[in-house]
Protein chains: 2
Amino acid sequence: MKPTNSLERVLAVLEVFSEERLEWTPEDLMRELGYSRPTLYRYLKILKDAGFLMSTRYSGVTLGPKVVEMDYLTRRSDPLVLHGVPYLKELTAAYSCTAMVLRWYGNKILCVASESSTKNPISSYPRGRPMPLGRGAIARSIMALLPRPRLVPLIERNLADLRSVGLGDTAADVLKSLKKVRKAGFAVAYGEVTPGAVGIAAPVFDDRHYPNASVCVTIAGTLVTGAQIDEIGAEVRRVALQISANQATVRQKSDA
Amino acid sequence: MKPTNSLERVLAVLEVFSEERLEWTPEDLMRELGYSRPTLYRYLKILKDAGFLMSTRYSGVTLGPKVVEMDYLTRRSDPLVLHGVPYLKELTAAYSCTAMVLRWYGNKILCVASESSTKNPISSYPRGRPMPLGRGAIARSIMALLPRPRLVPLIERNLADLRSVGLGDTAADVLKSLKKVRKAGFAVAYGEVTPGAVGIAAPVFDDRHYPNASVCVTIAGTLVTGAQIDEIGAEVRRVALQISANQATVRQKSDA
DNA sequence: TCAAAAATCTCATAATGAGAGATTTTGTTG
DNA sequence: CAACAAAATCTCTCATTATGAGATTTTTGA
């Protein structure tokens, strides 16, 4: 994980920005990354010139406008967004809810698209904000499909959370619970992420039948009965499988 | 502009992605960038591991999820977004319009925040999509405040566009028109970017009184009279100056 | 199962990043 | 406005390390 060459070291500068620390002074960056002064400034210059960073007088260094530009491009190229949004609209048309597609990458869950048909959508996880792994239907819908060797360490690392939402006391118990989720084809969570909200999620697969995303509907708990949840679950599952199928389709190459 | 060292060469890989070309094959990247095969694959590995790129089976290489994550952070750290959005809400509450804040960087204009109070907002320039320089109130509101040496080459490069919207036939004429904009404090454009839409924009300044952004209200041409446009212009100008002032404020450092 | 394409590895060589310390630039104070 | 302090850049040598031709391995598609 530690940068071994100068190319990774430049990129490592971008890695230190987080929700907890959005702004850095050069001095702090030197300390954090262990780079010498000239080296750090060299890196900063390159990253600023490319627009990845910008520095304001009073707040040190922050992420820059190139990031914004690239995110726009991502929205136009990400197959999950392109194929997902139409289905999300279907779901929000059918139910008064928030519907999202979330990508699973590097042990993180990241919302990439969301639609809403409620007045005040209760989305504390908008596009780009990583979600917790131990709680919520989304995480579970994906974990249930991961191969064992990948799954077990994940469970162990999040056992406290998993236990607190009632998935089981030991790793073995959790595995059993996840097996049920796998069988059902979708996961349900009652107020695990947002109090009062029910989450219903189903996994999306890549062309190797490996889960790489999840479709989730979040709906106010007061609006649904158990039977309706099953109905929505089936719908969410259908949508997730549709998106999976579209993803695996060979698409037209852009004009040569 | 051409990469001179390996650090810039890695980043140059990210630069080739554009709205016209969202996906690249390694083969094409080699050709485009002139890198040898092992070198390119080395770069790709690093960029993929960091999440800046991802490769899908059928579409070659595209921008990756780390970009999405960083854009989220940008939305939470960009002073223009943080200070701008409340004012945009003011504007959209007062008029049935779309209100935006756009950053000026590297000869580009980039929307960073937008709010809308119309049914079907006509925004062909959402967050992250660079706008044309030669047309529209936004570009003009900023250009009018640029120092001459910076401005003149810009005008020359976009003279065709500038002429077509009636700013003047020669560079000197355009300069004269811009001087008027500068005096007025805001720029107005009738259907230059979107047919039927009036754009009203005023510049935002950094702490050096250099324009670094613009506030723009877009409103249906049928909804406003000349007098109202002046009124809105004054409001937009006020908001732009407010944002300028907030930007220049020393902010609390995040807890040490 | 096998052939073609894609990606990775090996290794000698030259290129080029690293960093200590000096220097310049920028911002802030009386 | 001057003089100081802090921030950023420059210089230059040295050793590290990125490079690419070609071979090799892995993956993909038939």
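His209(B) counts as exposed, because 9 C-beta neighbours fall inside 10 Å, and a residue with 12 or fewer is classed in that way. The model in which this residue is described is a predicted one. His209(B) sits in the loop that joins strand E7 (197–205) to strand E8 (211–220) of chain B. Asn246(B) is 37 residues away from His209(B) along the chain, and the C-alpha atoms of the two are separated by 13 Å.

The overall make-up of a single chain was examined next. Chain A contains 10 helices and 8 strands. Its C-alpha atoms occupy a box of roughly 65 × 50 × 40 Å along the principal axes. Chain A has 256 residues, of which 43% count as buried. Among the contacts in chain A with a separation of 6 or more, 52% are accounted for by residues 24 or more positions apart.

The two protein chains were then compared. The same surface serves both copies, since 100% of the contact residues of chain A recur in chain B.

The contact between the chains takes 45 residues from chain A and 45 residues from chain B. On the side of chain A that touches chain B, at least two residues each are supplied by H1, strand E2 (60–63), helix H4 (65–77), strand E3 (98–105) and strand E4 (108–116) of chain A. H4(A) gives the most to this side, with 11 residues. By class, the side of chain A that touches chain B comprises 22 nonpolar, 10 polar and 13 charged residues.

H4(A) is mostly covered, with 12 of its 13 residues buried. Charged residues are found among the buried ones, including Lys66(A), Glu69(A), Asp71(A) and Arg75(A).

DNA strand C is surrounded by 16 residues, and the closest are Ser6(A), Ser36(A), Thr39(A), Asn5(B) and Pro38(B). Two or more residues of the surface near DNA strand C come from each of helix H1 (6–15) and helix H3 (37–49) of chain A, and likewise from helix H1 (6–15) and helix H3 (37–49) of chain B. The residues of this surface divide into 6 nonpolar, 5 polar and 5 charged.

DNA strand D is surrounded by 15 residues, and the closest are Asn5(A), Pro38(A), Ser6(B), Ser36(B) and Thr39(B). For the surface near DNA strand D, at least two residues each are supplied by H3 of chain A and by H1 and H3 of chain B. The division by class for DNA strand D is 5 nonpolar, 5 polar and 5 charged residues.

How values were computed
Residues numbered from 1 in each chain as written. Chains lettered and ligands numbered in written order. Predicted model: local features only at pLDDT ≥ 70, side-chain atom pairs only at ≥ 80, totals over all residues. Contact = placed C-beta atoms within 7 Å. Near = placed C-beta within 6 Å. Helix = DSSP H or I, 4+ residues; strand = E, 2+ residues; numbered from the N terminus. Buried ≥ 20, exposed ≤ 12 C-beta atoms within 10 Å, placed from the backbone.
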